[in-house]
Amino acid sequence: MILFFTSYLIDDECSVRAKFLTKLERPHETGISFPSGHTSTVFAGAAFLWQEYNDVYVWSGISEYIAATGTSFFRIYNNKHWLTDAAGAGI
């Protein structure tokens, strides 16, 4: 559990600092766009599940990566983020 919460704290800190430095606006609403916090959070969860459960249940990590990709896609599709904001997946 400590590894899980530590990864989320690091992810959140990196995302917030990147938002503070870039200050890029969202397409159709107020707020800072880059990087997508939703995308970075779900990909952090996917990476955690892959590391913890890959040897027990491979589809857990794979399905989480599919869900994370879907989250990123729909954030862009619904004009909440620009395509470049999906770089949050790399954080």
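Modeller: The account below begins with the chain as a whole and then turns to helix α1.

This is a predicted model, in which local features need pLDDT of at least 70 and side-chain atom pairs count only at pLDDT 80 or more, while totals for chains, interfaces and linings use all residues. Residues are numbered from 1 along each chain as its sequence is written, and side-chain values use heavy atoms, with hydrogens and water left out.

The chain has three helices and zero strands, and its elements run α-α-α from the N terminus on. Helices (H or I, at least four residues) and strands (E, at least two) are DSSP runs, numbered from the N terminus. Of the 91 residues in the chain, 26% are buried; buried means under 20% relative accessible area, exposed over 50%, and partly exposed in between, with a 1.4 Å probe and protein chains only. Among the contacts with a separation of 6 or more, 57% join residues 24 or more positions apart, a contact being heavy atoms within 4.5 Å.

Helix α1 has 21 residues and reaches 30 Å from its first C-alpha to its last, close to the expected 30 Å. The expected span of a helix is 1.5 Å times one less than its number of residues. The buried residues of α1 are Asp11, Ser15, Ala18 and Lys19. These four lie on the same side of α1, because they cover an arc of only 100° around the axis, the arc being that of the directions from the helix axis to the C-beta atoms. On the other side of α1, Ile2, Leu9, Ile10, Arg17, Phe20 and Leu21 are exposed.

Arg17 also takes part in a salt bridge with Glu13, in which the closest N and O atoms are 2.7 Å apart. A salt bridge is a side-chain nitrogen of Lys or Arg within 4 Å of a carboxyl oxygen of Asp or Glu, and by this rule the count comes to one. Both residues lie in α1, four residues apart, about one turn of the helix. An α-helix has 3.6 residues a turn, so residues three or four places apart point the same way. Glu13 is partly exposed, with a relative accessible area of 39%, and Arg17 counts as exposed at 54%.

What covers the buried residues of α1 includes α2. Helix α2 (residues 37-53) has 17 residues and reaches 24 Å from its first C-alpha to its last, close to the 24 Å expected. The buried residues of α2 are Thr39, Ser40, Phe43, Ala44, Gly45, Ala46 and Phe48. They pack against α1 (2-22) and also against α3 (58-77).

Just after α1, Lys23 takes a positive phi of about 55°. In helix α3 lies Arg75, which is buried with a relative accessible area of 16%. Leaving aside its neighbours within four places in sequence, Arg75 is in contact with Arg26, His38, Lys80 and His81.
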